[in-house]
Amino acid sequence: MKGFYVFIAVVSAVFLAACASTTSEPEAQISPSIMVTYTLNDGKDWEKISAGLQGWGDGVADFSLANEQANVRIKKQASNLWHIQLKRPLYLFEDTTYEISVEASASEPSNLSFTVQQDGGEYTTYFQRTELVGVEKKLYSYEFTMPNDEKHAAFAIMFGEGLPGVSYSLNNIKFNSTY
């Protein structure tokens with residue numbers, strides 16, 4: 001019975017504290033301070049896009065994702081950059097700074113694009129950087145700050161400019177928020 005009275009006392013105190021802290025003015029909504037880190041995670045939650053095989057565009061590639069490494073071999077060059085990509089959905093918060101880092105190389109110097117955009121609708125681009133990736137592994141690292149909340153975003157690595165026969169190797173793919 002003593003436990004019941006303690007429970008009632010705690011519930012009453014929480015209720016009174018909640019009532020005392022309410023105001024008639026709307027409070028500013030603040031993005032939660034959530035630290036996120038996404039990695040390749042053996043391909044879980046990543047989409048392999050090869051539009052020529054999926055029936056909505058051209059460009060064909062083979063993907064292999066394992067042991068925190070992604071290998072992509074271009075079979076047919078795409079007419080658009082986004083027709084071959086490795087994509088991961090995200091929920092991004094306004095005024096939060098995010099960091100992208102990827103170690104990448106290619107069998108011959110070839111373009112690769114790192115893109116963060118709305119995944120659908122207007123496909124608003126929040127960050128995009130195209131790099132000429134060489135045969136020696138190199139770390140590519142970027143930071144950007146989100147201008148608004150975006151609950152339907154995606155981080156994509158786009159290979160659509162790669163020529164047939166080019167193979168890309170990506171290691172230590174990371175997308176994380178910073179403080």
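This is a predicted model: local features need pLDDT of at least 70, side-chain atom pairs count only at pLDDT 80 or more; totals for chains, interfaces and linings use all residues.
# Briefing: strands, rings and a pocket

Strand 10 gives the most to the lining of the second largest pocket, contributing three residues. Residues are numbered from 1 along each chain as its sequence is written, and side-chain values use heavy atoms, with hydrogens and water left out.

**Overall layout**

- The protein has two helices and eleven strands, and along the sequence they follow the pattern α-β-β-α-β-β-β-β-β-β-β-β-β.
- Of the 179 residues in the protein, 40% are buried; buried means under 20% relative accessible area, exposed means over 50%, and partly exposed lies in between, using a 1.4 Å probe and protein chains only.

- Five strands form an open sheet in the order 2-5-10-7-8, with antiparallel pairing; two strands pair if DSSP finds at least two bridges between them.
- Strand 2 (47–50) and strand 8 (125–133) stand at the edges with a single partner strand each, so one side of each has no neighbour in the sheet.
- From one strand to the next, the twist averages 20°; axes are lines fitted to C-alpha atoms, for helices over the stretch in contact, and angles run from 0 to 180 degrees between N-to-C directions.
- Seven bridges link strand 5 (residues 84–92) and strand 10 (residues 150–158) in the antiparallel sense, and Arg88 stands opposite Phe155 in strand 10.

**Strand 11 and its partners**

- Nine of the twelve residues of strand 11 are buried, so this strand is largely enclosed by the rest of the structure.
- Strand 1 (residues 37–39) pairs with strand 11 in the antiparallel sense over three bridges, and Thr39 stands opposite Lys174 in strand 11.
- Strand 4 (residues 69–76) runs antiparallel to strand 11 and is joined to it by five bridges; Val72 has Tyr168 as its bridge partner in strand 11.
- Strand 6 (residues 97–106) pairs with strand 11 over nine bridges, again in the antiparallel sense, with Ala104 opposite Leu170 in strand 11.

**The hairpin of strand 3 and strand 4**

- Strand 3 (residues 60–66) and strand 4 run antiparallel and are joined by seven bridges, with Ala61 opposite Ile74 in strand 4.
- Two residues lie between the strands of this hairpin, where Asn67 takes a positive phi near 50°.

**Aromatic rings**

- The structure holds twelve aromatic pairs; rings of Phe, Tyr and Trp (its six-membered ring) pair if their centres lie within 6.5 Å, with planes under 30 degrees apart counted as stacked, over 60 as edge-to-face and the rest as tilted.
- Phe155 and Phe175 form a tilted pair, 5.4 Å centre to centre with 35° between the planes.
- That pair links distant parts of the chain, with Phe155 in strand 10 and Phe175 in strand 11 (residues 167–178), 20 residues apart.
- Phe155 is buried at a relative accessible area of 0%, and Phe175 counts as buried at 1% relative accessibility.
- Ring pairs link a cluster of Tyr38, Trp46, Tyr98, Phe114, Phe127, Tyr140, Tyr142, Phe144, Phe155 and Phe175.
- Phe114 lies in strand 7 (residues 110–118) and counts as buried, with 0% relative accessibility.
- Phe114 and Arg129 are 15 residues apart in sequence, and their C-alpha atoms are 5.3 Å apart in space.

**The second largest pocket**

- About 220 Å³ of space lies in the second largest pocket; a pocket is an open set of points, on a 1 Å grid over the protein atoms alone, where a 1.4 Å probe fits, with protein on both sides within 12 Å along at least five of seven lines, and lining residues have an atom within 4 Å of a point.
- Of the 13 lining residues, Trp82, Gln85, Lys87, Gln117 and Tyr123 are the closest to the pocket's centre.
- Strand 2, strand 5 and strand 10 are the elements that give two or more residues to the lining.
- By class, the lining has seven nonpolar, three polar and three charged residues; Ala, Val, Leu, Ile, Met, Phe, Trp, Tyr, Cys and Pro count as nonpolar, Asp, Glu, Lys and Arg as charged, and the others, Gly among them, as polar.

Notes
Helices (H or I, at least four residues) and strands (E, at least two) are DSSP runs, numbered from the N terminus. Grid points are joined across faces, edges and corners, and a volume is the space filled by probe spheres set on the points.
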